[in-house]
Amino acid sequence: MSTALTSDTVVAGPAAAPAGSFDTINGSVVSVIVNHDKCIAGKGCRVCIDVCPTDILAFDIADGKVKMVYDECWYCLPCVHDCPTQAITVEIPYLLR
Ligand code: SF4
Ligand code: SF4
């Protein structure tokens, strides 16, 4: 299922983000990191959004990027395995490895 975002759904930007270009939710760096240089969402790809069982990935119409929008990841990884450009990294918490 594809989900459209409004710009206030995700807190991101120079004031909230650490050095680099990580997406954030409420000021915290997300655990599902999309490399926007590799991501082809701009060409219509929505594979990760479609395979995520928790619907936490979405296309942000404000900036044209796919990103994590809810901190509810199950660390199940189909988003990583099915991404055609290997653009996604999931930071699995140490205690779950
Ligand atoms: S599957 Fe990969 S390339 Fe496609 S939208 Fe998701 S992160 Fe981008
Ligand atoms: S690891 Fe699973 S729950 Fe987390 S974003 Fe990927 S598909 Fe969704």
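A residue counts as buried if 20 or more other C-beta atoms, placed from the backbone, lie within 10 Å of its own, as exposed if 12 or fewer do, and as partly exposed in between. By that rule, 25% of the 97 residues of the protein are buried. This is a predicted model, in which local features need pLDDT of at least 70 and side-chain atom pairs count only at pLDDT 80 or more, while totals for chains, interfaces and linings use all residues. Residues are numbered from 1 along each chain as its sequence is written, and chains are lettered from A and ligands numbered from 1 in the order in which they are written.

**Fold**
- The protein has two helices and six strands, which are DSSP runs (helices H or I, at least four residues; strands E, at least two) numbered from the N terminus.
- Along the sequence, these elements follow the pattern β-β-β-α-β-β-α-β.

**Ligand surroundings**
- Among the 14 residues around ligand 1 (C-beta atom, placed from the backbone, within 6 Å), Cys 39, Cys 45, Val 47, Cys 48 and Cys 83 come nearest.
- Of the 15 residues around ligand 2, Cys 52, Cys 73, Trp 74, Cys 76 and Cys 79 come nearest.
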